[in-house]
Amino acid sequence: MPTARVNGIDIAYVRSGAGPRLLFLGGSGQTLASSAPMVEPFASSFDVVVHDQRGLGDTSIPPGPYSMADYAADAAGLLDHLGWPSALVAGVSFGGMVAQELAVTWPHRVERLALLCTSPGGAGGSSFPLHELEALAPDERARRAVELLDTRFTPSWLEAHPDDRALAQFMAQRGSAPRSDDELRGMREQLAARSHHDVFERLHVITSPTLVACGRYDGIAPLENGSAIAGRISRAELRVYEGGHAFFAQDPAAFADVLAFLGGDPVHG
């Protein structure tokens with residue numbers, strides 16, 4: 001696996017596919033391994049690079065605290081390492097926060113911007129403070145995580161919708177995977193940085209075409225947060241999908257729309 005020396009740390013990354021250059025930024029706790037299924041559709045149309053963010057996976061775990069500016073600077077440094085003056089950027093959840101920070105700091109480096117299930121912070125609304133779940137008992141934490149994934153996910157709903165039940169089970173299993181002490185520290189630093197994310201007053205500097213994609217029943221990054229992002233970016237389009245925080249796995253139209261947008265095609269419907 002290649003690494004890039006960026007900002008004093010070694011960043012592990014994977015590059016795959018062919019086509020226009022695309023930087024993909026994954027969600028909280030995601031590594032190259034866990035994000036691979038989501039990256040694969042992008043690699044069918046783009047030259048995609050994805051990396052383990054600081055403190056996670058095979059990337060260095062430097063002393064904290066980390067800031068959202070640190071994560072964005074790591075992404076910009078990776079682009080430098082690849083010799084990419086600019087790229088398409090897609091960010092999911094936490095990765096969408098990093099993508100926003102990147103785009104407001106270096107707007108000229110972002111050709112088109114896709115923001116999925118994310119929040120701007122500040123007056124535009126913050127995503128649910130996931131670090132607070134750690135204080136709950138395991139059973140309560142698991143119950144709240146399911147409710148946040150999709151606000152419809154009551155026991156009766158899941159009983160009547162087997163596909164959603166399978167999704168909730170998959171997400172729960174992924175979140176309960178054992179992690180080393182270093183990995184847990186990296187995740188805690190990430191959640192702490194996430195809790196201070198606020199780019200709302202700077203979003204107006206983004207000039208690239210932007211797709212803001214939201215799940216109608218997202219309990220982590222509510223629809224109104226996505227609407228606030230779209231309202232601050234002059235060339236933004238808001239799209240709402242039938243699902244929660246993982247709407248891209250629930251609504252068949254979502255991935256097709258994101259791929260079309262990043263490819264420069266209009267999003268219909």
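Start by selecting glutamine 250, in the loop between β8 (236–241) and α9 (253–262); helices here are DSSP runs of H or I with at least four residues, strands are E runs of at least two, and both are numbered from the N terminus. This is a predicted model, where local features need pLDDT of at least 70, side-chain atom pairs count only at pLDDT 80 or more, and totals for chains, interfaces and linings use all residues. Residues are numbered from 1 along each chain as its sequence is written, and side-chain values use heavy atoms, with hydrogens and water left out.

Now show the surroundings of glutamine 250. Not counting residues up to four places away in sequence, glutamine 250 touches Asp150, Arg152, Phe153, Asp164, Leu167, Glu242, Gly243 and Gly244; a contact means heavy atoms within 4.5 Å. With the side chain of aspartate 164, the glutamine 250 side chain makes a polar contact at 3.4 Å. (That term is for N or O atoms within 3.5 Å; within protein, one must be able to donate a hydrogen and the other to accept it, and residues adjacent in sequence count only if both atoms are side-chain atoms.)

Two of those neighbours are worth a click: aspartate 150 and arginine 152 pair up in a salt bridge, 2.8 Å from N to O. The rule is a side-chain nitrogen of Lys or Arg within 4 Å of a carboxyl oxygen of Asp or Glu, and the count by this rule is 14. Aspartate 150 is buried, at 0% relative accessibility; buried means under 20% relative accessible area, exposed over 50%, and partly exposed in between, with a 1.4 Å probe and protein chains only.

Next, pick arginine 232 and glutamate 201, a salt bridge whose closest N and O atoms are 3.4 Å apart. Arginine 232 sits in helix α8 (residues 223–232) and glutamate 201 in the loop between α7 (181–195) and β7 (210–215), so this pair ties together parts 31 residues apart in sequence. Arginine 232 is partly exposed at 27%, while glutamate 201 is exposed at 52%.

For another bridge, go to arginine 5 and aspartate 10, at 3.2 Å from N to O. Here arginine 5 is exposed at 56% and aspartate 10 partly exposed at 33%. While you're there, select asparagine 7, in the loop between β1 (3–6) and β2 (9–16): its phi is near 50°, positive in a residue other than glycine.

Serine 93 also has a positive phi, about 55°, without being a glycine. You'll find serine 93 in the loop between β5 (87–92) and α3 (94–105), buried at 9%.

Leaving out residues up to four places away in sequence, alanine 99 touches Leu25, Val89, Gly91, Leu113 and Leu115.

Then try leucine 133, in the loop between β6 (110–116) and α4 (138–149) and buried at 10%. Beyond neighbours within four places in sequence, leucine 133 contacts Phe128, Arg141, Arg144 and Leu148. Arg144 also belongs to a network of salt bridges with Glu140, Arg143 and Glu147.

For a backbone stop, look at the peptide bond from glycine 64 to proline 65, which is cis with omega near -5°. Proline 65 is in the loop between β4 (47–51) and α2 (68–82).

Last, the cysteines. How many disulfides does the structure hold? It has 0, a disulfide being a pair of cysteine sulfur atoms within 2.5 Å. The sulfur of cysteine 214 is 8.3 Å from the closest cysteine sulfur, in cysteine 117, too far for a bond. Cysteine 117 is buried at 2%, and cysteine 214 is buried at 2%.
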